[in-house]
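Please read it alongside the sequence and the structure shown here.

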Amino acid sequence: MSHYSALSVFLNALKGNQNWQRAWRDPAPKPKYDVVIVGGGGHGLATAYYLAKEHGIRNIAVIEKGWLGGGNTGRNTTIVRSNYMMPGNTMFYERSMKLWENLSQDLNYNVMISQRGQYNLCHSPAQMDAARRRGNIMRANGIDADLFDRAEVKRRLPYLDYSATARFPIHGAIFQSRAGTARHDAVAWGYARGADRLGVDIIQQCEVTGYIWDKGKITGVQTTKGEIRAGKVGLAVAGHTGHLADMAGLRLPIETHALQAYVTEPLKPMVDPVISFGAAHFYISQSDKGGLVLGGDLDGYNSYAQRGGLPIVEHTLASAKALMPSLSRLKLLRHWAGVMDMSMDGSPFITKTSVDGLYLNGGWCYGGFKATPAAGWCFAWTIAKDEPHPDNAEFTLNRFERGYQIDEKGVGPKPNAH
């Protein structure tokens, strides 16, 4: 940043930002659009952006009941990775990783991608064998993966507990160097500005209360700002997928749970990568402000509340101490929760539904933030072409009817695990 631009920022701040232009418009809804996307988080905004950019569909509205990024997009642990091994997941998440790597340039907006790498720790010979298999599948698909033994992990991450009394002995780790973190709100803002510049209307404080029907086809939505008609309606509403689908007469194979995250008081740089602690389902990274960002299990009861219960707080902090005893005297600054729609196999849906005119992006479980670019890209393809792209072809609603599951072990528990 030049001296002049830095001075401009400072002077504008003193004036209350009077001369700054809005990053995106705040339009009143038009009576009709080609596509309405319900949900103004990362997935909804990315879908609108790619519909406009890749498919030339620009008469689009993104409808958000609150403010942009106020749902799960702003309530996660910011991890991005593509270390998946199941057919259906592998290339989808790798597409997302490749989009992440160029996203700041594509949007001309700094989403603060930090490819600091991720270690998935192994705590038994069996877990090492499973990690070896995962790594081989990743490499066979052109995805980076390295398997490290205990000595190498200790050299790289000396602050973990390698003592003889460690609750979970560390045998090694699988490492993806291209994984890392991104700034969640910057992702939402970047997609919002990019979509707006392509002509997309972003309508906040506009809640969907029902659908408009014509001979069995959904032809729009009823909202708190009036009726908005559309040729196609796409849902990208994270943990609220169930009740919006219910309004359309769809019963989905999902449950909604709260997933908590936490941040500690700031420290000097200590934890450079992302570390996942599979034995206790715990993950940790360090933010640019110095706080340690912690995540763990979902709360084992259904809830739409953006807060969690104390048992999971205790479980997560105990996991942190078991992995890194030096954290025991740290203070926790705050914690929050997002609401997630958990599918039966832990994998999502990007698909047309059985209701004519209605399209679904949901069931993301633990994978929603890292999937943001590919979810938007593939959902846009599906809406525009009325068929899935090969990368989301397996993310159907009827896969359970066929007895087919995309059961990715190691991405987190499913609701029936509780």
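Contact here means heavy atoms within 4.5 Å, and helices (H or I, at least four residues) and strands (E, at least two) are DSSP runs numbered from the N terminus. The model is predicted, so that local features need pLDDT of at least 70 and side-chain atom pairs count only at pLDDT 80 or more, while totals for chains, interfaces and linings use all residues. Residues are numbered from 1 along each chain as its sequence is written, and side-chain values use heavy atoms, with hydrogens and water left out.

**Helix 2 with helix 10**

- Helix 2 (residues 42–55) and helix 10 (residues 372–385) pack with their axes 7 Å apart at an angle of about 55 degrees, where axes are lines fitted to C-alpha atoms, for helices over the stretch in contact, and angles run from 0 to 180 degrees between N-to-C directions.
- The two helices are therefore oblique to each other (under 35 degrees counts as roughly parallel, over 145 as roughly antiparallel, 65 to 115 as roughly perpendicular and the rest as oblique).
- From helix 2, residues including Gly42, His43, Tyr50 and Glu54 meet residues of helix 10, among them Pro373, Trp377, Phe379 and Lys385.
- By class, the contact of helix 2 with helix 10 has 11 nonpolar, six polar and two charged residues (Ala, Val, Leu, Ile, Met, Phe, Trp, Tyr, Cys and Pro count as nonpolar, Asp, Glu, Lys and Arg as charged, and the others, Gly among them, as polar).

**Helix 2 with helix 7**

- Helix 2 also packs with helix 7, at an angle of about 30 degrees and with the axes 9 Å apart, which makes helix 2 roughly parallel to helix 7.
- Gly42, Leu45, Ala46, Tyr49 and Tyr50 of helix 2 make this contact with Ala188, Tyr191, Ala192, Gly194 and Ala195 of helix 7, a set with eight nonpolar, two polar and no charged residues.

**Second largest pocket**

- A pocket is an open set of points on a 1 Å grid over the protein atoms alone, where a 1.4 Å probe fits, with protein on both sides within 12 Å along at least five of seven lines, and lining residues have an atom within 4 Å of a point.
- The second largest pocket is lined by 27 residues, of which Arg183, His184, Ser287, Asp288 and Val293 lie nearest its centre.
- Strand 12 gives the largest share of this lining, four residues.
- The lining of the second largest pocket divides into seven nonpolar, 12 polar and eight charged residues.
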